[in-house]
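These are my notebook entries on a structure that I had not examined before. I set down each point in the order in which I looked it up.

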Amino acid sequence: MAILDPTMRIRTFDEVTLGYTSDQAKREAARCRGCSQAPCRRGCPIGVDIPGFISLVKEGKFREAAQRLRERNTLPAVCGRVCPQDRNCEKHCVLAKKGAPIAIGRLERFVADWEREHGMTVPPTPGSTGKRVAVVGSGPAGLTVAAALARKGHSVTVFEALHAPGGVLSYGIPQFRLPKEVVAAEIDYVCALGVKIELNTPIGKLYSLRDLRREYDAVFLGTGAGLPRLLGIPGEHLNGVYTANEFLTRVNLMKAYLFPEYATPVRVGKRVAVIGGGNVAVDAARVAVRLGAEEVVVLYRRTLVEMPVRAEEYRFACREGVFFRFLVAPLEFRGDAEGWVREVLCTRCELGEVDESGRRRPVPVPGSEFTIPIDTVIVAIGQEPNILALAEVSELLTPSGRFVGADPETGATPVPGVFAGGDLVTGAATVIQAMTAGRRAAKAIDRYLSELE
Amino acid sequence: MINFPVVGKTELAPGIKKLVVEAPSLAAKAKPGQFVVLHLHAQGERIPLTIADFDREEGTITLIFQEVGLTTFQLGSLEPGDTIRDIAGPLGRPSRVDYFGKVLCVGGGVGCAPLYPIARALREQKNDLAAVVGARSREFLILRKEMEQVCSPLIIATDDGSEGLQGTVLRGVEKYFREYGKPDYCVCIGPPVMMEAVCSFTRNYKVKTVVSLNPIMVDGTGMCGACRVVVGGEVKFACVDGPEFDGHLVDWELFRRRLQFYKREEKLALGAFLRKSRSAGER
Ligand SMILES: Cc1cc2nc3c(=O)[nH]c(=O)nc-3n(C[C@H](O)[C@H](O)[C@H](O)COP(=O)(O)OP(=O)(O)OC[C@H]3O[C@@H](n4cnc5c(N)ncnc54)[C@H](O)[C@@H]3O)c2cc1C
Ligand SMILES: Cc1cc2nc3c(=O)[nH]c(=O)nc-3n(C[C@H](O)[C@H](O)[C@H](O)COP(=O)(O)OP(=O)(O)OC[C@H]3O[C@@H](n4cnc5c(N)ncnc54)[C@H](O)[C@@H]3O)c2cc1C
Ligand code: SF4
Ligand code: SF4
Ligand code: FES
């Protein structure tokens, strides 16, 4: 598949990977053995019929392939681009042992893109059941629930706090990895199924959960994990220190990379340190490169092995000049007299015992402190559910009070008729996990509604 | 909901404008002390503005703002019939409106706009209400009549002495303490320097002083952390934990500094806008 050259792509926010041509897709599909056991499917949480859609690609039946994909996956153009295929479907492909698994994600993307360019066909929805469902949050979890229930004939309204739908797909993942036009088209498809999306509607503020329970037969909560975690070290509030959420929201949702044509500014200096090691950190680093930073270093306290990032994005980041320093943790940010950050004091770490996350815990090495001169810091050490808005229903929370508790099989919460799923329940995870939770919850909600009288 | 129609517009003072906007569901839920985040059009910035008033019957909210930069100038150029693409709210925690006894309200400049609905609500709780309001000069005083209806005495201070005392609102606060004794509770809204000065004065008298902080915000829902402030040594997000805080516990230096984050970019954007509208005017 063609890829924009690194020297070109660091100047633009254009998508890095260009996608297959029809011939390339057919050729790649022809490699698939159509295994009867289809081990690849075990790696896909949402259970896409991988051999099925790939054999349709092989025959050039792209529209049918798209329909096959959509039976399970509401957002194929998104998943094909951002799923961690190296740890999901492609890892389980029989050809992976030889180091050449079928490029399932790229085929999925090809099919979805082909469908978008040739006009999507929206399946007819059955007659209305008269049941009303409220979905809170328009991220992957909420959109999946909404689409699935609309296809069953229920009337679904999605409430979104921001002025644009999509959740992290809109405000978090950058344009060069997931073009916003692609996200918009997937959302148009969901709306074409009859789903209504109410923007600018923060639940817990404009309407309470109680209001929704009164007005609707069932409620699904998919508000994600939007609350940025902070390091809690000195200097974190100096000017020039961003949370990744602020930085990425300015750039992706508000299009600050087009400032001043778009009114929202973002400020990146010459030397940028990104703290963290996940997709969020790597995205922030690659955005900083594109905004003109001369040196971008990612400081991660563990090693490459533990880094929870899509393998491809890590490789792309390195090619774009992002520098990774492993086993390094920040201790303090230091600023100048005007309060702008100027350097970061760090310590080296070693890996110690295995911690509760199942990974070896980084332990600071005494006496190994050193400083790096920088003028911008982006803190990307994770997000937690922003449960504040929903605090009115404390019975929904897990004992820690930080997550909403829901049955992983059905999304049911202790409150009848209220379901939940996605990052709100699991903590920051992946698009496909959030969608899988949405798919399960949709089934359970449909069952719940059919039992209602 | 999107596309909120502007139904009324008044210029209260030079560069200070009042817009009445149709937003029935917001009007139904708004409480004093809360704010909205608005986004004028697809290319616009999201900015927070206090809900200066609301009319549940008419289904409208009132915004009062000072033209200081690109977005507020663009907002000021809207006329009845125009629409605002996005308004999200009501955000933030409502103001605490209890019976405190003797209450002093202190407002500086456009800070009188968010102060007024709080004062009115405090008055409805039978508090004994007085106010000190300040502005650069007489013509910049806003909501004076409205404040007079709920507060007595109403002490005025202007920088140039064109009305009331000459000097900052602090002069008025000192006068109040001298002549009426110390209040049981104080609410203070205005420019950061003013709030800080009033707080360091009331701290000496141990008078609990609530301030409304106006840091830079993006989403207004607790997602970005741009609005973080340090209060009593703890990090708070002003959009969800505030905007009101105990003024004696606020780290003012940090607060003022963080407001400067985008100074350079803000100037750039406003300059471009003003040049464009000037050349459009000449044409
Ligand atoms: C920068 C970044 C990069 C990522 N990269 C990848 C990747 O490459 N691959 C991958 O699989 N995963 C990635 N992820 C993770 C993935 O995006 C999330 O796991 C997924 O989006 C979670 O979906 P969700 O539906 O649970 O929540 P979200 O996508 O967070 O959506 C929640 C929505 O709810 C709205 N909301 C919140 N509170 C309220 C309220 N009170 N009322 C109304 N609406 C509300 C929010 O505004 C938001 O739109 C990334 C995440 C980030 C931040
Ligand atoms: C909760 C809250 C409620 C507010 N209520 C009101 C209100 O009722 N009326 C009103 O006039 N303003 C209010 N503000 C301030 C208002 O949001 C800013 O004036 C506005 O964002 C400026 O946007 P701009 O694009 O016009 O100017 P910008 O170009 O962003 O800024 C121009 C100038 O204003 C300063 N500035 C930038 N952001 C802020 C800010 N958040 N607060 C104060 N100064 C700022 C800058 O330092 C600069 O000097 C409120 C702010 C908050 C956080
Ligand atoms: S949805 Fe994700 S995991 Fe499933 S097949 Fe597609 S790319 Fe693989
Ligand atoms: S395991 Fe690999 S080769 Fe076999 S069906 Fe799945 S994708 Fe095709
Ligand atoms: S404005 Fe983003 S967290 Fe408060």
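Predicted model: local features only at pLDDT ≥ 70, side-chain atom pairs only at ≥ 80, totals over all residues.

Is B:Val240 buried or exposed? I looked up the relative accessibility of B:Val240 and found 11%. Buried means under 20%. B:Val240 therefore counts as buried.

Entry on the surroundings of B:Val240. I located B:Val240 in helix 7 of chain B. I then checked its distance to B:Gly92, which lies 148 residues away along the chain.

Entry on cis peptide bonds. Helix 7 spans residues 238–241 of chain B, and B:Pro243 is in the loop between this helix and strand 17 (244–246). I found that the bond leading from B:Gly242 to B:Pro243 is cis, with omega near 10 degrees. I recorded another cis peptide bond between B:Gly89 and B:Pro90, where omega is about -5 degrees. B:Pro90 belongs to strand 8 of chain B, residues 86–91.

Entry on positive phi in chain A. I noted that A:Leu327 is not a glycine, yet has a positive phi of about 55 degrees. I placed A:Leu327 in the loop between strand 9 (323–326) and strand 10 (328–335) of chain A. Its relative accessibility is 25%, so A:Leu327 counts as partly exposed. A:Lys255, again not a glycine, has a positive phi of about 55 degrees. I found A:Lys255 in the loop that runs between helix 13 (244–253) and strand 7 (271–275) of chain A.

Entry on ligand 2. I counted 21 residues around ligand 2, the closest being B:Pro48, B:Thr50, B:Ile64, B:Gln66 and B:Thr72. By class, I recorded 12 nonpolar, 6 polar and 3 charged residues in this shell. Which elements of chain B each supply at least two residues of the shell? I listed strand 4 (46–50), strand 6 (60–66), helix 2 (70–76) and helix 9 (263–282). Strand 4 of chain B gives the largest share, 4 residues.

I next looked up the polar contacts of ligand 2. A polar backbone atom of B:Gly69 is 3.1 Å from an oxygen atom of the ligand. For B:Lys263, an N or O atom of the side chain is 3.2 Å from a ligand oxygen. For B:Glu266, a polar side-chain atom lies 3.4 Å from an oxygen of ligand 2. On its own, ligand 2 has 850 Å² of accessible area, and the protein covers 85% of this.

Entry on ligand 3. I found that ligand 3 takes up the space of the largest cavity. Among the residues surrounding ligand 3 are A:Cys44, A:Cys79, A:Cys83 and A:Cys89, as well as A:Asn73, A:Gln85 and A:Glu108. I divided the shell of ligand 3 into 7 nonpolar, 3 polar and 1 charged.

Entry on ligand 4. The space that ligand 4 takes is the second largest cavity. Its surrounding residues include A:Cys32, A:Cys35, A:Cys40 and A:Cys93, along with A:Arg33 and A:Gly34. I recorded 9 nonpolar, 1 polar and 1 charged residues for the shell around ligand 4. I also noted A:Ile104 in the list for ligand 3 and in the list for ligand 4.

Note on methods
Residues numbered from 1 in each chain as written. Chains lettered and ligands numbered in written order. Heavy atoms only, no water. Near = heavy atom within 4 Å. 1 Å grid on protein atoms, 1.4 Å probe; cavity = no way out; pocket = protein on both sides within 12 Å on 5 of 7 lines; lining within 4 Å. Sits in = over half its atoms within 2 Å of the grid points. Nonpolar A, V, L, I, M, F, W, Y, C, P; charged D, E, K, R; others polar. Polar contact = N/O pair within 3.5 Å; in protein donor to acceptor, adjacent residues only side chain to side chain. Areas by Shrake-Rupley, 256 points an atom, 1.4 Å probe, with all protein chains shown as cover. Buried < 20%, exposed > 50% of the residue type's maximum accessible area, 1.4 Å probe, protein only.
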